[in-house]
Amino acid sequence: MLHKLRGLGLIVRVFEAGHDVGGTWYWNRYPGARCDVESMEYSFSFDEDLEQEWSWTERYATQPEILSYARHVADRFDLRRDISFSTRVTSATFGEANGTWLVTTDKGEEVRAQYCVMATGCLSTVNRPDIPGLDGFAGPVYQTGLWPHEGVDFTGKAVCVIGTGSSAIQSIPVIARQAAQLTVFQRTANYVAPARNQPMSEAYEEHFKANYKDLRRKQLQGYFGALPSGEPRMVPSMSVGDDEREAAYEEGWERGGLGLLGSFPDLLFDRDGNETLAEFVRGKIRATVKNPATAELLCPDDHPVGSKRMCIDTGYFETFNRDNVTLVGLKAEPIERISSEGVVTAKQAYPCDALVLATGFDAMTGTLAKIAITGRGGRTLKDEWADGPVAYLGLMVAGFPNLFLVTGPGSPSVLSNMLVSIEQHVDWIAGCIEALRERGAGVIEADPAAQEDWLEHGAAVAAPTVYPDGKSWYTGANIAGKPRTFMAYIGGVPGYRKICDAVTAGDYAGFAIDGAEAAPLP
Ligand code: NA7
């Protein structure tokens, strides 16, 4: 965004809470942290030289490698000189009299700007669980999303991990190899496919680099902003025989990655079809985990595949065959408290030297809620979003002129390859600001009726899918007291882009510019 806006000749200031660039990849340094989108696709497309000069070393990049990439991009485009690091924005207030935003920081700085872009991330405020006694634990407590930069050595230690989401699934195999004893506390079992990570092959990288333009174009046609894996069968899952369906899943399992969920186009819609994939994954778990009781505990049985984010792993289920690893199912024995010595469930105490909270994030809205954002008439974003977030196209909120959101709620964001979605929003916002400047306009804002229509459309698109079925962070269900709404747009990356492009072509349909009536949607 900084690079693009500079290109328009604007003066740009960036405020960043971290001491360096990287966002998610700056904070999430837990052992085993890695992207679940393939490296060649999880990269910026805006500069061809950048594409050609950077080399990824593995099919799925590790956190340190992605952080190096972010640093490289920052240096290559000389971004750091306009970024204030270690600085948190505390408030952003729209001044009706002059149509500008006043941004204040925890360093006491006050900056006035015509446009304010919130690029605060979707998974950037960690969820510290409200478990009695947590603060009284005698040993260190680590949160996966705020991992110490100097690293942690668990050698010879007894470790308890709470949570079995993506971060836990990546870190548990690594911690288990180091620790003397590992106890995993699972509230909800997850569907996990093998990543089949491997070193980047020279031939694959060359093929990608020679065809980047074409492959990026194909990426944009993918529902999730990623290339299809293998040859998806374009027929409904229940229209084929059991053997053919099983063969399709087996192929997806062997290829590895999230592509398993795309084995048939209707797996996120047809609950019977979805259940066949669920049972396939359960079969794999039962075949891998030797202790039948542990295997059953690890088999998800309370939500469809994909309704909570599907995970990919390297040796997660195999880890439960180790002698030093114990799985505790919290449905049968909920955590009652944390004592100074460890975790205490309804059945027994589990003493440990260190505690790892892999308990996720206050997703999509948590970070924006921590900033006092005030729009027209003193309306705060917190109040506007009290019943769940609303945003037209996930890009702007009615009543908050010239305030843009990157991957905001109501956009595909977390249901897509994030880099693709981030670039689309950055391009859209830069294009919008350029258009405003060309016509000499001062203020753009979402029309409340267009915003309402978008919300209804988003809910209608999500309703037939399995997404609302899971108690996931997509819906706010992982945070006590958070309103339950499905916060992302599941109309797909290509469809969403088409709508955004039509809005732009329709003279920013659904947006009011300088108080004029908003053009209707085409
Ligand atoms: P997730 O996917 O939200 O996982 C958090 C895990 O922590 C999940 O298993 C939760 O169980 C569990 N949890 C949360 N609070 C508690 C309490 N109080 N007690 C016990 N267990 C708890 O976060 P991740 O960091 O793993 O992954 C986030 C995203 O990052 C991921 O989806 C990828 O997109 C990358 P629950 O399922 O709520 O029952």
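Me: What makes helix 5 a mostly covered helix?

Reply: Bear in mind that this is a predicted model. A residue counts as buried if 20 or more other C-beta atoms lie within 10 Å of its own, and 10 of the 13 residues of helix 5 are buried. Among them are Ser166, Ser167, Ala168 and Ile169 at one stretch, with Pro173, Ile175 and Ala176 also on the list.

Me: How do you know that helix 5 bends, and where?

Reply: The bend is the angle between axes fitted to the seven residues ending at a position and the seven starting there. At Ile172 that angle is about 35°, and a proline, Pro173, follows within four residues. Ile172 and Pro173 are both in the buried set of helix 5.

Me: Which helix gives the most to the shell around the ligand?

Reply: That is helix 5 (residues 166–178), with 3 residues. In total, 23 residues surround the ligand, and the closest are Pro129, Gly163, Gly165, Ser167 and Gly360. By kind, the shell holds 11 nonpolar, 10 polar and 2 charged residues.

Me: Why is Asp447 called buried?

Reply: The cut-off is 20 or more other C-beta atoms within 10 Å; Asp447 has 21, so it is buried. Asp447 sits in the loop between strand 19 (444–446) and helix 15 (448–462). Beyond its neighbours within four places in sequence, Asp447 is in contact with Ala398, Gly510, Phe511, Ala512 and Ala518.

Me: Why is strand 8 described as largely enclosed?

Reply: Because 4 of its 5 residues (158–162) are buried, strand 8 is largely enclosed by the rest of the structure.

Me: And how do you know that strand 8 pairs with strand 9?

Reply: Pairing needs at least two bridges, and 5 bridges join strand 8 to strand 9 (residues 181–186), so the two count as paired. They run parallel, and Ala158 stands opposite Gln181 in strand 9.

Me: What span should helix 9 have, and what span does the model give?

Reply: At 1.5 Å a residue, the 18 residues of helix 9 (271–288) should span 26 Å, and the end C-alpha atoms are 26 Å apart, so the two values agree.

Me: Which elements cover the buried residues of helix 9?

Reply: The cover includes helix 8 (242–255), helix 10 (292–298) and helix 11 (316–319). The buried residues of helix 9 include Gly273, Leu277, Phe280, Val281 and Ile285.

Technical notes. Residues are numbered from 1 along each chain as its sequence is written. This is a predicted model: local features need pLDDT of at least 70, side-chain atom pairs count only at pLDDT 80 or more; totals for chains, interfaces and linings use all residues. The expected span of a helix is 1.5 Å times one less than its number of residues. A residue is buried if 20 or more other C-beta atoms lie within 10 Å of its own, exposed if 12 or fewer, and partly exposed in between; C-beta atoms are placed from the backbone. Two residues are in contact if their C-beta atoms, placed from the backbone, lie within 7 Å. A residue is near a molecule or strand if its C-beta atom, placed from the backbone, lies within 6 Å of it. Ala, Val, Leu, Ile, Met, Phe, Trp, Tyr, Cys and Pro count as nonpolar, Asp, Glu, Lys and Arg as charged, and the others, Gly among them, as polar.
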